[in-house]
Amino acid sequence: PNLKDLHGSTENDTELPHITINKGISSSSTERFQRIFTYQELTIATEGFSGKNLVARSSQCQVYKGYLNGETVTVKKYNYMPGKKEDVFDHIKSISSSVHHNNLVNLLGFCNEGPNRLLVYEFVSEDKSLRSHLHGNVTSTLAWPIRMGIALSIARGMVDLHELYKPLNIYEQYKDDSIFLDGNFQPKFAEYGHGRFLSGAFGLTVNYAKADVYLFGEILMELVTGKPSNEDGVNIAEWAEPVLGMALLHKEYDIVDQKLKEFNATELIRMIKCALACVHRYAHFRPQMSQIAEVLAGNAPPETLK
């Protein structure tokens with residue numbers, strides 16, 4: 001989706017997962033909870049940053065698989081850009097160090113030795129991403145109860161990060177390739193440090209939060225239809241929104257992922273109504289994540305989303 005889709009038109013303009021938060025503590029204070037690695041340790045862990053351990057690269061960093069004390073980890077090696085006003089490494093380390101949550105791929109530690117600037121995270125495999133499970137070569141299909149559980153767990157995690165933590169945490173990465181599933185199909189958000197803290201004017205923070213809500217709506221549409229978020233340059237909300245609306249109107253659900261052998265019709269309707277509310281054209285009409293979580297769980301009627 002483009003920026004206008006996420007933030008909307010400017011016209012008229014079960015229990016929550018455990019969360020441990022350092023409220024009111026600055027990012028520099030929270031760094032004591034992270035291990036400080038030496039560059040030599042991480043060089044050994046990645047076998048000299050060898051090509052066989054390189055799993056991804058971007059304009060900002062290279063991502064390696066590494067091994068520390070018998071554990072597999074993810075090592076991100078950031079490009080050193082002296083004199084740059086906003087340092088990507090410091091920004092990501094600040095956010096990742098400040099928020100600890102069961103739904104996050106957590107930061108284990110870092111290395112900051114001159115030009116050598118690296119972050120170490122718990123390891124997540126690319127073939128465990130939600131995208132891989134829904135659209136990849138994974139042989140097993142995510143059954144409907146698992147999809148419902150994934151949606152609810154993501155929603156509840158977003159409630160924590162949006163509404164219980166101050167300043168507001170905006171992730172901006174709720175996408176199928178940044179959400180990973182553990183062995184129990186519990187979602188974990190990767191790349192969380194690429195988001196931002198917002199503590200400014202109420203209108204600004206709410207608008208950014210509603211951008212996250214839009215992305216969650218797309219995730220729900222993927223879970224319902226089994227279609228990718230972007231196919232042939234067309235965003236899923238563009239074509240799925242009217243089709244899902246018609247499905248509700250006529251009570252015909254051919255749009256549901258054909259790989260699903262069965263589904264709970266009541267839960268399906270709740271998920272579709274939540275998805276449509278999340279991608280509303282006008283950001284101020286999109287519900288809060290706490291409202292969405294309650295409707296998905298069946299604790300509130302979908303009408304409360306309006």
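Strand 2 and strand 7 run parallel and are joined by two bridges in this predicted model. Within this pairing, Arg-35 stands opposite Gly-109 of strand 7. The pairing belongs to an open sheet of six strands, arranged in the order 2-7-8-5-4-3 with mixed pairing. Strand 2, covering residues 35–36, is an edge strand of that sheet, and so is strand 3, covering residues 54–57; each of these pairs on one side only.

Two residues lie between strand 7 and strand 8, which form a hairpin. In its turn, Gly-114 has a positive phi of about 60°.

One of the bridge pairs is Arg-57 with Gln-62 of strand 4.

Turning to the helices, helix 9 (residues 265–278) packs with helix 10 (residues 289–296) at an angle of about 165°, their axes being 9 Å apart. Angles over 145 degrees count as roughly antiparallel, and helix 9 and helix 10 are therefore roughly antiparallel to each other. Their crossing is right-handed. On the helix 9 side, the contact is made by Arg-270, Met-271, Cys-274 and Cys-278, and on the helix 10 side by Ile-292, Val-295 and Leu-296. Sorted by class, the residues of this contact are six nonpolar, no polar and one charged.

Helix 9 has a further partner in helix 8 (residues 236–250). The axes of helix 8 and helix 9 come within 10 Å and cross at roughly 140°, which makes helix 8 oblique to helix 9. This crossing is left-handed. Here Glu-241, Leu-244, Gly-245 and Leu-248 of helix 8 meet Ile-269, Ile-272, Lys-273 and Leu-276 of helix 9. The contact of helix 8 with helix 9 comprises five nonpolar, one polar and two charged residues.

The chain has a mean pLDDT of 80, with 76% of its residues at 70 or more. Confidence is highest in helix 3 (residues 39–45), at a mean of 97, and lowest in strand 1 (residues 19–21), at 32. The pLDDT is below 50 over residues 10–32, a stretch that has 35 contacts in the model beyond near neighbours in sequence. Residues 193–205 likewise have a pLDDT below 50, and this stretch has 36 contacts beyond near neighbours in sequence. Where pLDDT is low, the predicted coordinates should not be read in detail.

Note on methods. Residues numbered from 1 in each chain as written. Predicted model: local features only at pLDDT ≥ 70, side-chain atom pairs only at ≥ 80, totals over all residues. Heavy atoms only, no water. pLDDT = per-residue confidence, 0-100. Helix = DSSP H or I, 4+ residues; strand = E, 2+ residues; numbered from the N terminus. Contact = heavy atoms within 4.5 Å. Axes fitted to C-alpha atoms, helices over the stretch in contact; angles between N-to-C directions. Parallel < 35°, antiparallel > 145°, perpendicular 65-115°, else oblique. Left-handed = near helix turned anticlockwise from the far one by under 90°. Nonpolar A, V, L, I, M, F, W, Y, C, P; charged D, E, K, R; others polar. Pairing = 2+ DSSP bridges.
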